[in-house]
Structure formats: C-alpha cells, structure tokens
Amino acid sequence: MIPVKKKEAVLIMYRQGRKYKEISDTLLLSPNTVKSICRRSGPRPLQPEEQKAGLCQNCGTPMPQSPHAKKKIFCCDRCRYAWWNKKRGLEPYRLVCCCCGREFVSFGNRNRKYCGRECYLRSRYGEGLP
C-alpha cells in the first residue's frame, strides 16, 4: 500500500504537468505505480499549449475534434498551405497555365506548367477526360 500523502504528492505533481518519470524519480516510486495512480485520478487539466490544440495553427479559428481520430491542426487546406509556405520562407511564383491561360501561384517550383490536375489531363488526353 502506498501512503495517502504520497498519492496526493503524485497527483499534485501530475496536475502541474510533470512527466511520470520525473515524479517517480522525485518520490522514489516505480513509474508504473505513478502512471496507475494518475490514470485512476482522471484526466489532468490542460496545459496552456494543449489548450490551443483546438485552434487552427494558421488563422486561429476553433475546430471540432473527433474523439478517436488524429488531432486536426488546420481548418482547411488553404490554411495548411499558407502556414507551411510561411514557415518554409518560400517566395511565391506567379505563373500562367499552358492549358487554360489562367494565372496561378506556385511556391518553390517555377517550372510548373499547369494550374491543376484537370488542366494537365485536358492537355494530355484532349477535351474528353478519361
């Protein structure tokens, strides 16, 4: 049996955001014992960086999260592309599509010829898409 005071100390340290290994080293307990005490106590309060987990990394809009799915970090593809391009520091290239003549933006690849897959397929196979 583990004394009640040690259990309370484990829970206090756990709610402060410490890791199981840190708690076990400090209190001279097994990491598995610490883990089982923490799991039985229920979920810990969210840390400040975890509270932002429900917001889009680019625009900050709140996003609903599915309980048994991978956590979303972007609300849409446009935000994902913008965030990655800003993060990589690539300059946008303004190009003209060979097929439709529309202007489009390409990041990091100035040799692109088509604005999208439809124009590529239309130019390769003709008007009737496969």
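This is a predicted model: local features need pLDDT of at least 70, side-chain atom pairs count only at pLDDT 80 or more; totals for chains, interfaces and linings use all residues.
A residue counts as exposed when its relative accessible area is over 50%, and as buried when that figure is under 20%, with partly exposed in between. Searching the whole structure turns up 3 salt bridges, and here's a quick tour of them. As background, side chains of opposite charge can pair when their charged atoms come close.

**The R94 and E103 pair**
- R94 teams up with E103 in a salt bridge, and their closest N and O atoms sit 3.8 Å apart.
- E103 is exposed too, because its relative accessible area of 54% is over the 50% mark.

**The pair in helix 2**
- K21 and D25 join up through their side chains in a salt bridge, at 3.4 Å from N to O.
- Both residues belong to helix 2, which covers residues 20-27.
- K21 and D25 are 4 residues apart there, or about one turn of the helix.
- K21 is exposed at 52% relative accessible area, while D25 comes out as partly exposed at 46%.

**The pair in helix 5**
- R80 and D77 also make a salt bridge with their side chains, this one at 2.8 Å from N to O.
- The two sit in helix 5, residues 77-88, where a spacing of 3 residues puts about one helical turn between R80 and D77.
- R80 is partly exposed, with 32% relative accessible area.
- D77 is partly exposed as well, at 42%.

Terms used: Residues are numbered from 1 along each chain as its sequence is written. Side-chain values use heavy atoms; hydrogens and water are left out. A salt bridge is a side-chain nitrogen of Lys or Arg within 4 Å of a carboxyl oxygen of Asp or Glu. Buried means under 20% relative accessible area, exposed over 50%, partly exposed in between (1.4 Å probe, protein chains only).
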